[in-house]
Amino acid sequence: MQCCSSAEAASLHHQPRCNDNYKRELISSPAQRMTPSPHSTTSFGSRIQLCRRPKEWEEETMASSSAAHQTLLLTLFLSFVCGLSSSSESDLLLTFKSSMEDPTLALSDWSPNSTNHCNWTGITCSKTTSLVTSVDLHGLNLTGDISPSICQLPQLSDLNLANNFFDEAISLRLSECTRLVTLNLSNNLLWGTFPDQIVLLSSLSTLDLSRNRIEGQIPVRLGSLKRLQVLNLGSNLFSGIIHPPVFRNLRELVLLDLSQNPSLASELPREIGGLAKLRWLKMQRSGLHGAIPESFVGLHELEVLDLSQNNLTGKIPLGFGLGFLKLTSLDFSQNMLSGSFPTDVCYGKSLKQLNLLENSFTGPIPYSIEKCLSLEKFQVQDNGFSGELPSGLWSLPELKLVRAENNQFSGEMPDLAVVLSHLEQVQIDNNSFTGRIPGGLGMIHTMYRFSASLNGFSGDLPSDIFDSPVLSIINLSHNSLTGSIPELRNCRKLVSLSLADNSLTGNIPPSLGHLPVLTYIDISSNRLSGEIPPELQNLKLALFNVSFNQLSGSVPTSLVSGLPASFLQGNPDLCGPGLPNPCNGPLKRRNSKTIGLIWAAIVVSIAVGFTVLIVGLYVVCRMLRGKPRSGTWKSVFFYPLGITEEELLMALVEKNMIGEGAFGKVHVLQLPGGEFVAVKRLLNSSNLSFRIVKAEIKTMAKARHRNVAKLLGFCYSKGTILLIFEYLKKGSLGDALHKPGFSLEWSFRLKLAIGSAQGLLYLHKDYFSQILHRNVKSNNILIGDGFEPKITDFGLDRIIGEASYRSSVASELGSYCYMPPEYDCSKKPTEQMDIYSFGVVLLELVTGRPAEQPEARESLDVIKFVRRKVNMTNGALQVLDPKISSSAQQEMLEVLELALRCTSILPEKRPAIVEVVRALQSLEPIAHPPMFSSELPSAE
Ligand SMILES: Nc1ncnc2c1ncn2[C@@H]1O[C@H](COP(=O)(O)OP(=O)(O)OP(=O)(O)O)[C@@H](O)[C@H]1O
């Protein structure tokens with residue numbers, strides 16, 4: 001039994017049954033049902049008289065002693081109440097369930113046939129009263145309504161519905177859950193304003209409404225929830241000012257999170273400094289301005305303080321850090337703070353992360369920094385700091401990251417021969433350091449990036465730096481270094497080597513050609529001489545800039561084809577295609593090379609032919625096999641689709657196919673309700689566990705933005721995954737571009753560009769778990785009504801895994817030019833890779849040319865077409881789509897310039913997505929001109 005002990009259960013057998021009206025009366029009055037107060041006992045007692053008692057029970061009780069009589073009465077009474085409560089509680093839970101949709105049948109054990117509701121999924125009952133105390137249904141894909149009927153559970157203290165898909169305003173009637181101690185509705189799709197009624201929940205100690213779409217002001221009356229310890233309203237759409245009285249009485253607060261509410265526009269309330277128990281204060285990106293209140297120095301329990309990405313001004317209050325014994329992370333980055341470094345910040349010796357980047361701080365870093373014995377990340381870049389970097393900084397035992405670029409630091413750096421060092425990354429570019437490059441860098445076996453460009457370093461390159469087996473990025477350009485480049489033999493992980501604009505002499509070491517992942521070489525503007533070593537042809541170089549040296553001899557053609565000719569200029573004795581000097585010299589060598597190239601071409605053609613054959617056979621086999629084998633299918637629908645897996649599988653036939661990409665075919669099908677959905681069948685999805693697939697797809701399905709295509713659900717059977725997307729009848733931008741005579745007026749192209757950039761921004765920055773798209777291309781930009789774009793097919797790597805993802809991408813002809821040059825050699829995908837691909841889409845929009853036309857073998861891809869032209873006089877104008885009226889020329893040129901920045905070979909030169917969105921939005925007309933272009937033909 002769910003409520004009573006076995007003895008009680010036995011006696012329950014003989015219980016009188018009250019009529020239904022009576023039962024309803026009990027349910028309707030939760031306050032009266034609350035456990036044993038003398039008052040409530042009397043009230044129940046008097047009601048018991050209304051019930052008829054069975055005769056045998058009457059006889060039994062008459063034969064008993066008076067004490068036994070009383071005991072028995074009490075037992076029977078409790079059993080009775082329990083019996084009633086138990087059935088009424090299960091009824092309440094079933095009512096609560098009936099208001100929700102449960103597409104994954106996670107609550108299948110919530111059933112009238114299952115007697116013990118305390119064992120139902122997510123339910124916890126009190127051991128003493130056997131009444132429900134906690135309902136925890138987080139992460140069950142639930143949608144529909146949150147019914148306030150749940151509040152009639154008299155002892156409910158914890159309600160957790162986090163990580164679901166509830167898409168409604170918060171019910172005012174949740175305030176009837178008066179006993180709630182914890183209310184967690186985070187990470188749903190809740191909208192509307194914060195209901196004032198929530199403040200009636202006076203017992204609340206945890207209120208988590210984060211990661212929803214709640215808007216309006218943070219209500220002042222929230223301050224009456226005096227028992228609150230955790231208040232998390234982060235990642236919502238709150239706006240306006242934060243009223244200081246909210247925090248006057250919240251003395252118990254331990255965690256306060258208002259972060260990621262960019263529409264707030266407020267000063268930091270001084271009252272927060274009075275919350276002496278506060279351990280986590282997170283208000284990053286929440287529209288703050290004004291100064292950091294002095295009262296904050298009293299927050300002695302602080303462990304994490306994040307005020308980054310606001311518009312805070314003024315100085316850090318004096319004494320900030322004194323008494324902060326537990327502070328582990330301090331983030332003031334991306335504000336407009338000024339004044340000096342907070343000297344006392346290391347007082348507690350617990351600090352692990354210190355982020356002051358992108359502010360206007362000045363003055364030196366104090367020697368007290370050496371007290372930061374736990375410091376792992378030190379980021380002070382993009383400020384006006386000056387003086388020497390204290391040598392104690394470099395010997396901090398836990399230090400991994402030093403970012404101090406773009407300041408005015410000076411002086412010499414000590415050698416870093418620190419055997420126990422954990423340094424991974426040092427960036428000190430664009431300062432005024434002098435003296436030698438510090439020795440010992442190569443001995444630090446964790447260091448993968450050392451970047452010290454734009455300083456006054458002089459002397460020879462230390463040879464140990466090129467002996468490191470872990471260094472990936474070395475940038476020592478724009479210094480005054482002399483001597484020759486040492487042989488690089490052990491630097492097996494070196495990706496980027498930049499030594500440009502120094503005074504280096506001697507030859508380019510041939511050993512560079514044996515470094516397997518070396519992709520960027522910039523040794524321009526030195527005094528290097530001799531020939532370009534042919535060994536460098538082994539490398540897949542994305543950048544090879546040797547301009548303005550004293551090199552001679554012929555240029556290995558395969559090394560430089562596709563790279564701008566300007567990377568070779570300024571070497572009068574170099575000869576070869578694209579250079580002023582044609583080579584007359586080593587004809588024989590070139591001939592043998594040409595023969596080599598021909599052989600290479602033959603081998604590649606055979607390999608491609610073979611692959612096509614295998615793929616063809618595979619496709620035929622799949623076709624012969626017909627529709628996917630219907631093994632055991634599991635489906636998770638995030639929206640009620642009203643369709644079974646069988647019906648879905650039946651519809652995946654040739655006549656419904658609307659496209660096919662590297663990951664599989666796309667079919668369109670009509671739901672019983674009349675709407676259409678697009679179903680993408682993922683190839684390469686064998687051996688994936690349902691659990692992992694489900695977790696990843698669920699995360700993706702939560703991405704909700706008007707420029708992101710909605711993922712409505714998925715079906716899984718071993719070896720096959722079907723993704724169900726909303727269907728956009730106009731098809732993709734890629735479809736449109738490939739239509740002969742593609743013509744779309746500029747304002748619509750701009751709208752498509754802005755919308756897709758916004759969708760990408762959402763996935764990169766605003767979505768709670770960052771999603772890198774990894775396959776941005778015009779085919780994956782669907783066109784919605786009014787030319788509102790929706791990006792689709794994002795993050796497929798997360799579902800099918802990296803290896804399958806890469807092999808699918810590699811199999812796709814016609815998308816190669818969207819891939820950034822670093823794609824093949826970088827292990828980790830990055831935001832900059834998406835930016836590159838998006839730049840290619842912008843080029844398509846500006847030129848009106850599809851990125852690639854695999855069928856037209858001779859044609860240039862859009863990047864090569866544009867790059868070759870823009871270097872010529874008036875070349876930029878020549879690449880613009882002639883079908884667009886010249887009145888849009890200026891805007892098109894600006895988008896072209898942005899596209900070229902996005903497609904920079906060096907990832908760090910590409911703009912961030914926020915910048916891309918801003919730049920495109922700045923071109924948007926305030927009021928749209930009337931639409932006169934005919935709509936694109938639909939994909940139907
Ligand atoms: N949700 C959708 N609504 C309407 N049409 C769609 C939808 N999804 C895909 N399509 C159509 O199917 C075509 C092929 O899409 P698919 O994503 O399979 O291929 P792709 O984008 O070329 O390659 P990849 O598999 O690399 O993403 C698109 O160009 C578009 O015409």
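A search of the whole structure, a predicted model, finds 3 disulfides, a disulfide being a pair of cysteine sulfur atoms within 2.5 Å. One of them joins C118 to C125, with an S to S distance of 2.0 Å. The link of C118 and C125 is left-handed, with -95° about the S-S bond.

Local features in this predicted model need pLDDT of at least 70, and side-chain atom pairs count only at pLDDT 80 or more, while totals for chains, interfaces and linings use all residues. Residues are numbered from 1 along each chain as its sequence is written, and side-chain values use heavy atoms, without hydrogens and water.

The ligand is surrounded by 23 residues, each with a heavy atom within 4 Å of it. The closest are K680, D735, N779, N780 and D793. By class, this shell has 9 nonpolar, 7 polar and 7 charged residues. Here Asp, Glu, Lys and Arg count as charged; Ala, Val, Leu, Ile, Met, Phe, Trp, Tyr, Cys and Pro count as nonpolar; the others, Gly among them, count as polar.

Polar contacts are pairs of N or O atoms within 3.5 Å. A polar side-chain atom of N779 lies 2.7 Å from a ligand oxygen. For N775, a polar side-chain atom is 3.0 Å from an oxygen of the ligand. G661 places a polar backbone atom 3.3 Å from a ligand oxygen. The protein covers 96% of the 610 Å² of accessible area that the ligand has on its own, by the Shrake-Rupley method with a 1.4 Å probe.

Strands are DSSP runs of E, at least two residues long, numbered from the N terminus. Strand β40 gives the largest share of the shell, 4 residues.

Key:
A polar contact is a pair of N or O atoms within 3.5 Å; within protein, one must be able to donate a hydrogen and the other to accept it, and residues adjacent in sequence count only if both atoms are side-chain atoms.
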